[in-house]
Amino acid sequence: MPSQSSLSPMSAARSGRSGTMCFVESPVQLLNVLEWAHLAESTDRITLVVLSPTDPMTRGQLRRMAELARDEGHIVRWEEARGGATAPFHTIGGLAGALRKAARIVIGDPFSRYVQLLLTITRAPELVVVDDGTATMEFVSQLARGERLVRWHRRGGRPGPRDVVFAPVSAAARRRLTPDGARRTVEVFSAMPIDSVPDGVRVTRNDFTWTRARFGPPRMTKGADLVGTSLVETGVVDPDRYLEAVRTLARAHGATRYFAHRRESSDKLHRLAVETGLEIVRPDLPLELIARRGPIGRTILSFPSTVVHTLPLALVGTEVRVAVCDIDPAWLTENASPRAQGFLSGVTGTARDVHRLASVAPAM
């Protein structure tokens, strides 16, 4: 059966371009590229470019995911894209030729300045955006409203000097991510709920077929596991409130393990271990794969995040229950975006096949 995402030989010949280039900066983005490639059944040569970040945990997960991508027959190109002041120039210069020749570009984070800069170089007739978590929901909404691309937790603040300088590049990238009749198609490949779809954008459902085919079903433990979040690190949630909420939630549900988000700080995780007694687990793969491989608790507890949408899909056919706890408005910091509470409530409210918990009320 021909793929909906495959470029037709005629349009490829007209454009003089061939092949697919994928740009990822996180393990989840790379996982979703593998899911997209599996569903698309594309016969195009796929080159997966890893724009490597600097933090060790993310790099470790990306290297493990790169191994899986090679096992699937994809070409992986690892770029030390942030290895010094001149690294971006070397990276972009080294990719420019291949970018101009590619027939399809797949990206994981349309908010990334790196990716936005790369988008100004390509003239590929097909663009695909794969999930980068809950940010995908905001990206599609902003594209539909014709707004500038700004991450949800930064909305409401004044643009900084770098934002002003980069504004023309960001605007050009947004134009590239807008369908243009027969000249350019845009697809969003997502497991997230998307309500307002921009005109001409095709949305393809990601149901984690590749993950379920390659891993599991998992062995389940009797207890509960708790999933960490980086809301403290992004300045949205107060650290003391978060710690007390984790302690209260773990005690109420008998959780024994805490799966750390890759962006959580070591100091915060140490404090969590000491003050809650939870075993801190630093996963070497995205949580969807960790849960699918097992062992995993019969109940997975989470605050509003991507996993409340993705884990039920990855764990279809198992008896694992995913439960989500709302963020109490009292936990938000003074610097949190005015949109933070509404956005986080929307993440929880639109999740399917999850058990919704009332917000815990820690005594402070």
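Student: How do β12 and β13 pair, and over how many bridges?

Tutor: Strand β12 (residues 321-325) and β13 pair in the parallel sense, over 3 bridges. Strands here are DSSP runs of E with at least two residues, helices are runs of H or I with at least four, and both are numbered from the N terminus. Two strands pair if DSSP finds at least two bridges between them.

Student: Which residue is the bridge partner of Cys325?

Tutor: Leu357, in β13.

Student: Before we go on, where do these coordinates come from?

Tutor: This is a predicted model: local features need pLDDT of at least 70 and side-chain atom pairs count only at pLDDT 80 or more, while totals for chains, interfaces and linings use all residues. Residues are numbered from 1 along each chain as its sequence is written, and side-chain values use heavy atoms, with hydrogens and water left out.

Student: Ok. What's the strand order in the open sheet of 6 strands?

Tutor: The order is β10-β9-β8-β11-β12-β13, with parallel pairing. β10 (279-281) and β13 (355-357) are the edge strands, each pairing on one side only.

Student: Which strands does α12 touch when it packs on the sheet?

Tutor: α12 touches β8 (220-227), β11 and β12, where contact means heavy atoms within 4.5 Å. The direction of α12 makes about 175° with that of β12. Axes are lines fitted to C-alpha atoms (for helices, over the stretch in contact), and angles run from 0 to 180 degrees between N-to-C directions.

Student: New topic: at what angle do the axes of α2 and α3 cross?

Tutor: Roughly 15°, and the axes come within 9 Å. α2 and α3 are therefore roughly parallel to each other, a label for angles under 35 degrees; over 145 is roughly antiparallel, 65 to 115 roughly perpendicular and the rest oblique.

Student: Which residues in α2 meet α3?

Tutor: Pro27, Leu30, Leu31 and Leu34 do; their partners in α3 include Leu62 and Met65.

Student: And how many residues has the largest nonpolar core?

Tutor: It has 42, and Leu30, Trp36 and Leu48 have the most contacts inside it. A nonpolar core is a set of buried Ala, Val, Leu, Ile, Met, Phe, Trp, Tyr and Cys residues joined through side-chain atoms within 4.5 Å. Buried means under 20% relative accessible area, exposed over 50%, partly exposed in between (1.4 Å probe, protein chains only).

Student: Which element gives the largest share of this core?

Tutor: α2, with 7 residues.
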